[in-house]
Amino acid sequence: MRTLKKILLGLAVVLVLLVIAGFVYKNSLEPQYSGDLQLQNLNEEVITYFDDYGIPHIYANNQKDAYTTLGYLHAQDRLWQMELMRRIAPGRLSEILGKDLLKTDKFFATLGVDEASQKAVNGLDKNSDAYKMSMAYIDGVNQFLNEGPTPIEFTLVGVEKEPYTLKDMYNIFGYMAFSFAQAQKTDPMLTAIQEKLGAEYLKDLDVNPNPNGTLIKNSKPTLEAIQDLSTEIVAITNKLPIPAFIGSNSWVVSPKKTSTGKVMFANDPHIGYAQPSVWYEAHIVTPDYEMYGYHLAGIPFPLLGHNRDYAYGLTMFENDDIDFYKEENNPSNANQYKTPEGYADYVTTSKTIKIKDEEAVTIEIKTSRHGPIMTDVQDELTGSDPIALAWVYTQHKIEVLEAVYGISHASSMEDFKSSVAKIHAPGLNVMYGDAEDNVAWWAAGKLYKHKEHVNPKFVLNGASGEDDPIEYLSFDNNPMAENPEWNYVYSANNQPDSIAGMLYPGYYLPEDRGRRVVELLEPKNNWNRESFSAMILDVTSPVAVENIKIMTKVLDFNALTKNQQRAMDMLQLWKGESTNDAIAPTIYQRFMYRYMENTFKDDLGETLYDQLLKTHLVKRSIAIQLANDASVWWDNAETKDVVETKADILNKSFVEAITSLETQLGEDIINWKWDTVHTLEHGHALGAVESLRPYFNVGPFGVGGTEEVIDNKAFDFNDLGVYDVKAGPSTRRIVDFSDIENSISILPTGQSGNPFSEHYDDQAEMYAKGEFRKMKMNKEEIIKTSRLLKISPKN
């Protein structure tokens with residue numbers, strides 16, 4: 001008995017020691033939000049107040065000290081995010097995450113972003129303020145890397161810390177630029193559809209191929225190569241541990257449309273959900289500068305921001321800045337390809353990709369005059385049907401660092417505009433409003449023209465030269481509006497008006513959100529912060545209501561069961577609102593999926609159908625195809641002796657939809673509430689390990705909103721009846737120039753990416769409920785609600 005007591009006592013002591021050790025370890029990893037801190041290379045003391053949401057308000061006597069401090073503080077909350085972001089473009093994810101990311105690394109290594117980044121760094125003006133402030137920020141990041149605690153993700157994954165560099169910064173910009181693009185998913189797929197089915201099938205997909213254009217000659221190997229490339233690109237981008245940038249809303253109204261007589265500004269960039277969320281907020285104040293900004297991991301200058309003089313934000317332009325070209329190899333020399341001047345040698349380079357716990361892999365990259373050969377990403381396609389990717393971002397001078405510095409340090413609207421003009425890619429709608437009553441937007445990006453016969457939404461002929469760009473447009477030709485007579489500007493990723501005498505090609509989203517924005521803005525002239533808040537949370541789709549009118553018009557009501565009739569009644573009475581407790585959106589989304597599968601899948605086959613669902617194109621196509629009674633898509637290719645009609649397909653789809661909902665949620669329709677099937681969980685890269693998921697992921701939450709409403713919540717179309725939200729507003733910002741210190745915002749989870757921080761997820765529930773909090777700028781208020789961190793020069 002005495003021995004047993006000793007053993008139990010010993011175990012108790014060990015347990016207590018383990019708990020104490022765990023507590024001490026946890027505390028050692030928490031970000032420092034108060035007290036004293038010393039940093040090297042500061043000129044003077046910097047005072048930082050962390051407010052009640054962990055947002056730093058940095059007060060410094062010069063900008064260099066402010067940016068050094070920002071780098072350190074950004075790193076202590078987001079170092080793991082920085083690490084992942086900087087590894088994507090150069091193809092270095094496999095090095096820490098293993099062989100599952102090898103294809104992703106091959107793809108990005110082939111794109112050439114890393115080389116373009118180095119070229120941009122080499123060309124930087126080392127005397128410019130953009131360079132000096134960037135280096136100060138990098139200094140702060142590296143001081144945390146060297147002296148701060150190692151984030152738990154580094155320990156669990158086994159990552160060796162490496163100094164952060166200016167090239168890393170450019171590589172993050174490069175990944176951002178690529179993630180905005182849609183052509184890499186769409187062009188190969190559309191070419192495969194045309195090759196397989198013919199041009200007639202593309203009309204209802206809002207694509208109009210020119211029959212007089214240069215078309216690739218049909219061959220089975222070419223079709224398979226193009227189709228496989230499209231599949232591979234989707235799979236590669238889906239594996240990324242960092243969210244993609246997909247869309248956005250923004251509107252700015254002039255004083256003539258507000259009750260306050262001052263400009264009001266709203267912006268909610270739509271980005272893939274993840275933990276940590278994309279933006280890091282920081283408020284910098286020096287004697288000659290102030291900015292409340294939203295920063296990407298590893299970037300010193302905010303992409304979204306405001307001060308007392310002006311506000312700015314972004315949406316995605318969705319222009320086409322990527323073209324695919326099918327090159328023609330020399331039959332007697334696979335290292336050469338055909339050009340208008342004869343055969344030329346591919347430029348060949350080698351890269352080695354390190355893989356965690358595996359042997360490194362060396363890849364050979366061939367580059368034509370158009371760009372890298374992307375079919376070599378797939379081992380089984382190497383050497384056959386070479387398809388090159390021509391991308392504006394890597395082919396032109398990169399001035400994005402100077403541009404972002406300029407827009408965050410502008411002294412006037414014209415000064416701001418001149419910085420916007422430096423952005424050649426990605427295509428962005430840059431939104432602007434100021435205290436001088438100006439409102440404006442500019443489409444940023446290097447736009448270009450092809451010959452009339454070219455449709456750049458298809459894989460083009462690389463050998464003839466006839467499909468190459470013939471002109472690059474000056475920034476003055478880009479879409480823009482400055483103080484328009486209608487007294488507002490907006491963007492919802494929809495098609496802009498004509499550019500240089502043409503509708504500029506792109507992968508624009510359907511009119512749903514843009515139409516709703518205009519529908520709300522146009523008649524109202526007394527906007528204020530409260531009505532802006534309600535608008536940014538709007539979940540109504542007028543287009544969905546129109547779709548339902550078309551779809552239910554052909555349903556045979558008498559052939560339906562009582563439950564099916566009740567569901568049909570609910571749809572017909574629906575006003576298009578996807579609120580949490582609404583039932584109609586649950587019915588609508590299942591009906592829409594069954595309609596899409598029964599309409600498109602038999603002709604496309606499973607692979608192309610799945611690809612179509614992952615592009616913007618299917619969203620633009622639905623209204624067009626539904627309205628066309630004679631669409632070639634209605635007939636089921638698998639029923640040889642029957643020609644199906646629109647009514648046949650929609651009746652079949654509706655019955656299948658209701659039957660599946662009864663199986664999933666029960667026969668009582670009252671239980672089919674939208675937020676039971678429409679949920680949001682913010683996934684951490686380590687949350688993919690099931691045992692770690694509860695500790696790193698945030699949520700899930702049942703949420704309202706849906707695809708292509710203002711409160712946009714994107715999900716993958718599926719027949720499971722469960723809609724896991726993949727993307728949506730990465731922040732909701734409302735800036736009111738009549739009361740700038742009470743402007744409001746929210747983040748999807750929290751300010752910190754450190755799972756031991758109290759600010760890891762303290763905004764998540766507020767965000768899910770549609771609530772806001774202040775973006776504080778009043779120093780007295782900040783001091784009252786904050787913790788003080790004094791940062792002094794070391795030595």
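In this predicted model, the side chains of K619 and E708 form a salt bridge, with an N to O distance of 3.6 Å. K619 belongs to helix α19 (residues 617–626), whereas E708 sits in the loop between β25 (698–702) and β26 (714–715); the pair therefore ties together parts that are 89 residues apart in sequence. Both K619 and E708 are buried. Side chains of opposite charge can pair when their charged atoms come close.

A further salt bridge joins the side chains of K646 and D629, at 2.8 Å from N to O. This pair also links distant parts of the chain, since K646 lies in helix α20 (residues 646–665) and D629 in the loop between α19 and α20, 17 residues apart. D629, with a relative accessible area of 57%, is exposed because the value is over 50%.

Across the whole structure, the search finds 41 salt bridges. One of them connects the side chains of R86 and E83, with N and O 2.9 Å apart. Here both residues lie in helix α2 (residues 63–88), three residues apart, which is about one turn of the helix. R86 and E83 are both buried. They also take part in a network in which salt bridges with shared partners join E83, R86, R87, R92, E95, E162 and D168.

| Side-chain pair | N to O distance |
|---|---|
| K619 and E708 | 3.6 Å |
| K646 and D629 | 2.8 Å |
| R86 and E83 | 2.9 Å |

S128 is located in the loop between α5 (113–122) and α6 (129–147). Its relative accessible area is 16%, so S128 counts as buried under the 20% limit. The side chain of S128 reaches the backbone oxygen of D125 at a distance of 2.8 Å.

T540 occupies the loop between α15 (529–536) and α16 (542–553). T540 is likewise buried, because its relative accessibility is 12%, under the 20% limit. When residues up to four places away in sequence are not counted, T540 touches R516, K575, G576, E577 and V709.

Conventions:
Residues are numbered from 1 along each chain as its sequence is written. This is a predicted model: local features need pLDDT of at least 70, side-chain atom pairs count only at pLDDT 80 or more; totals for chains, interfaces and linings use all residues. Side-chain values use heavy atoms; hydrogens and water are left out. Helices (H or I, at least four residues) and strands (E, at least two) are DSSP runs, numbered from the N terminus. Buried means under 20% relative accessible area, exposed over 50%, partly exposed in between (1.4 Å probe, protein chains only). A polar contact is a pair of N or O atoms within 3.5 Å; within protein, one must be able to donate a hydrogen and the other to accept it, and residues adjacent in sequence count only if both atoms are side-chain atoms. Contact means heavy atoms within 4.5 Å. A salt bridge is a side-chain nitrogen of Lys or Arg within 4 Å of a carboxyl oxygen of Asp or Glu.
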